[in-house]
Structure formats: C-alpha cells, structure tokens
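User: I would like to go through this structure in short questions and answers. Keep it brisk, please.

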Amino acid sequence: RAVLAMRSPLATPLTAERLFGHICWGLTWHGGPTAVSDFLARMSGRNPPLVLGEPVPVHFAPMPVPLQDGFIGPDVTGKRQNLWNLYRRCGLMPRAALLRAADLTPATIREALDAAGWPRPMLPARRSRVRAVASRLSGAPLDRTDYLAAEWWPDSDDGQVELLIAADLDAADIERLLTLGLADGVGRAASVGYGQVELMSVEPVNWPQVS
C-alpha cells in the first residue's frame, strides 16, 4: 500500500493507468529506452511485477461491482441511505467494512458498515479555471482561452490517497518506481504547478484471512 499526498490541485484525475504511464516515463527519462522496454517485457509475462489499484481516499477501497450496480445492498434509510448512495456514486466502500463483509449479503454488509461507523470519505472539491493560452513555440499569448477543471484535495491526513499494489517487488523498489513517476508532476498542466503529488510511504499489507 502506497500513501500519496496532493501538494497542489490536480488538473487531471489520478488513475492507475495514468500513474503507470508516469512510471514508464520516469524509467525512460532516468534509465533510457532499454529500462522501460525491459520493464514492459516483464509486465507481459504471467506474473507482472507491478499491478496498481485505483487510487482511493485513505481507509476506503473500490466498491465491488454487484454493490455499485445495485444488485446487492443493505436495508437502510435516512442519513445512512444518503451515505450508501454516496458510496455507490463514488464507487467506494470503507475498507474495514469490505473486509468484514466477505460474503456480501445485505445483512452482513449492514452489520459491517455499522461496525465501521459509516465513515464519510474525504473527496476533492472540483473547480473550473479559465487560463490564457500561450504559443508553445514563442510563448506569446494566443487569442483564446483554456478551461481547466481542477480537483482540490483536502490538506490533511484524511485528504490523502491510498494506492493498493500487487507486486513481486519489495517496498524499496516500488518506492523507487513511484518516485520516478511522480518527480515531474502528474497529468495536465504539471509544468505550471498542477499535479504535484508526494509519495508519503510504501508498506506491505497483511490482509486478514476470511474463513
């Protein structure tokens, strides 16, 4: 599990695919074409060395499809129904509740969420920005504007993002790959300060065994 902190607004949403692309770019920039070619050759085998999960707010996990699509769900009303709808809309579920409700029946989901306390995820605020556009060749302003939809994550520990990773690499190797990928910012407009993401930690996770 890696923990990421947003040090600036994001002009492009954080996704597993985009982070993996940045890792490949970081390998190319620092190790040359051979470094990324060797890495991608290993990725095409039966046991890829690095599989990134979708980034989610801390203490949450991606919601399983049967829950997100409404095939299964707890019997709740009022504020808890509103929270459940938020979980489904964002595709998230409290990680502690998901691990507890392994059989995903309505009764166990309700029991697990009650035990977890129905936490509310810290989500980014989305704001639109209008920017002047400059020529990439001369730097002179162009006669048009650019609309930028940015995500502003809360500046707190609860506003950090967790990234679950399946890998046969050790934590130090994963940290090196993520550091290379995040070094120059993530996504659009990183050159002007957007998408600055800091790697806070990488640590192994021992999941509880479900009987």
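User: At about what angle does helix α7 run to β10?
Analyst: Helix α7 (residues 171-182) lies across β1, β8 (161-163) and β10. Helices (H or I, at least four residues) and strands (E, at least two) are DSSP runs, numbered from the N terminus. Axes are lines fitted to C-alpha atoms, for helices over the stretch in contact, and angles between N-to-C directions run from 0 to 180 degrees. Helix α7 runs to β10 at about 180°.

User: What pLDDT do local features need?
Analyst: Residues are numbered from 1 along each chain as its sequence is written, and side-chain values use heavy atoms, without hydrogens or water. This is a predicted model: totals for chains, interfaces and linings use all residues, side-chain atom pairs count only at pLDDT 80 or more, and local features need pLDDT of at least 70.

User: What is the order of the strands in the open sheet?
Analyst: The sheet has 4 strands, with antiparallel pairing. Two strands pair if DSSP finds at least two bridges between them. The edges are β3 (56-57) and β10 (197-202), each pairing on one side only. The order is β3-β8-β1-β10.

User: Which residue stands opposite L4 in β8?
Analyst: Strand β1 (residues 2-6) is joined to β10 by 5 antiparallel bridges, and there L4 stands opposite L199. β1 also pairs with β8 in the antiparallel sense, over 3 bridges. In β8, the residue opposite L4 is V161.

User: How many of the residues of β1 are buried?
Analyst: Buried means under 20% relative accessible area, exposed over 50%, and partly exposed in between (1.4 Å probe, protein chains only). A2, L4 and M6 point one way from β1, while V3 and A5 point the other way. β1 is largely enclosed by the rest of the structure, because the buried count is 5 of the 5.

User: How many residues has the largest nonpolar core?
Analyst: A nonpolar core is a set of buried Ala, Val, Leu, Ile, Met, Phe, Trp, Tyr and Cys residues joined through side-chain atoms within 4.5 Å. Among those with the most contacts inside the largest one are L4, M6, L14 and L178. Elements including β1, α1 (16-31), α2 (33-43) and α7 each supply at least two of its residues. The largest core has 27 residues.

User: How many residues are in the second, separate core?
Analyst: Its members include V76, L92, I109 and L113. This second core has 18 residues.

User: What is the distance in space between P57 and P124, C-alpha to C-alpha?
Analyst: P57 is in strand β3 and is buried, at 4% relative accessible area. Leaving out residues up to four places away in sequence, P57 touches L92, P121, M122, L123, W153, Q160 and E162 (heavy atoms within 4.5 Å). P57 and P124 are 67 residues apart in sequence, and their distance in space is 9.4 Å.

User: What is the phi of H59?
Analyst: Most residues other than glycine have a negative phi. H59 is in the loop between β3 and β4 (60-62). H59 is partly exposed, at 49% relative accessibility. H59 is not a glycine, yet its phi is positive, at about 75°.

User: Is W118 buried or exposed?
Analyst: W118 is in the loop between α6 (106-116) and β6 (125-134). Its phi is positive, near 50°. With a relative accessible area of 6%, W118 is buried.
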